[in-house]
Amino acid sequence: MSVTDKQQLVLGCRLLDKAGLFDEHGHLSARQEDPDDVLINAFASPATTTIRDYIEVDLSGTDYPDSAPGETPIHTQTFRNRPDVEAVCHHHAPYTTLLSSVGIPHKPVHPNGVIQKEPFPVFEDYHTEGGMLVTTEDEGQDLADALGDHEAVVLRGHGVVVVGDSVPEVVVKSLKMEYNAELLYKQAVVGEPWYLPESLVEENVNNMTSEGQIVKTLDYYFTKL
C-alpha cells in the first residue's frame, strides 16, 4: 500500500469535509496497482480520517474487513462494473441531494460546474435491508447499473456517487457538481433556471477535467483548509 496514495485520499477527505460534502459519513476510495485491490477509509468520520484508517478491500471476493464501512458495496460494485474507473467517492452534498428530492434535473448552469453533458441519473430503488443505505452487493449492483457510463449518479434524498480517473479528479468533480447544484437551486428559487447551451457544455466538459484545471482547482480549495 502506497503512503502517497493514502495521503491523496486523506487530503481528499479533508477538502470534501471542509467544503461541506462530507459530514460524519462519506467514503473516498481508489484502485491500487493490482486493479482488484482497493483502498477505502474505514468506518470513521472522514473529517478525522488518517493514513492509518485506510484499509484494503479485495474486489475478487465479498469478505471485507470488519472495519470496512457498511456501504462498501457502493464502491466495490462500481469498480467491478467500470474497469475504466480508478477512484470513487460517495458523499452527501446538500444542494445536489436537495435537487434530487424535489425532482429538478441537474444540468449545467455555469461553465465552472460542468462535468458531463447529460443530466445525472437518479437512483431511488432502495432495498429494505439497509433503509436508504446501500449495504448489499445486489443493491450496490443496482446502483452501479444506474450509474452506467455517467460521471456521477445521484441517490434521491441521500447523496451522490462520483467516479473518475484519479482521486484528484473525483474530488474536483464532486466540488464542481455541488457548485453547479447550488447555483441551480438559487436560480430555481428566484425564477426559471437557465441552462448552458449544448455547444458551451461540450466545450467545458473537457476543460473541467483537464490536468491543468484540476491542479488549479485543488490549489484554490487547499487555501480553505
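Student: How many salt bridges does the structure hold?

Tutor: The structure holds six salt bridges, each being a side-chain nitrogen of Lys or Arg within 4 Å of a carboxyl oxygen of Asp or Glu. Please note that this is a predicted model, in which local features need pLDDT of at least 70 and side-chain atom pairs count only at pLDDT 80 or more, while totals for chains, interfaces and linings use all residues. Residues are numbered from 1 along each chain as its sequence is written, and side-chain values use heavy atoms, with hydrogens and water left out.

Student: OK, which residue does Asp84 pair with?

Tutor: Asp84 forms a salt bridge with Arg82, at 2.9 Å from N to O.

Student: And is Arg82 buried or exposed?

Tutor: Arg82 is buried, since its relative accessible area is 10%; buried means under 20%, exposed over 50% and partly exposed in between, with a 1.4 Å probe and protein chains only.

Student: What about Glu169, who is its partner?

Tutor: The side chain of Glu169 meets that of Lys173 in a salt bridge of 2.7 Å, N to O. Both Glu169 and Lys173 are buried.

Student: Where do Glu169 and Lys173 sit along helix α5?

Tutor: They are four residues apart in helix α5, which covers residues 167–190, so about one helical turn separates them. Helices here are DSSP runs of H or I with at least four residues, numbered from the N terminus.

Student: Which residues are linked with them in a network?

Tutor: Glu151 joins Glu169 and Lys173 in a network of salt bridges.

Student: Which residue pairs with Glu182, then?

Tutor: Glu182 meets Lys186 in a salt bridge, with 2.8 Å from N to O. These two also lie in helix α5, four residues apart, or about one turn of the helix. Glu182 is partly exposed because its relative accessibility is 26%, and Lys186 is partly exposed at 42%.

Student: New topic: how many disulfides are there?

Tutor: The structure holds zero disulfides, a disulfide being a pair of cysteine sulfur atoms within 2.5 Å. Cys13, for example, is in no disulfide, and the nearest cysteine sulfur belongs to Cys89.
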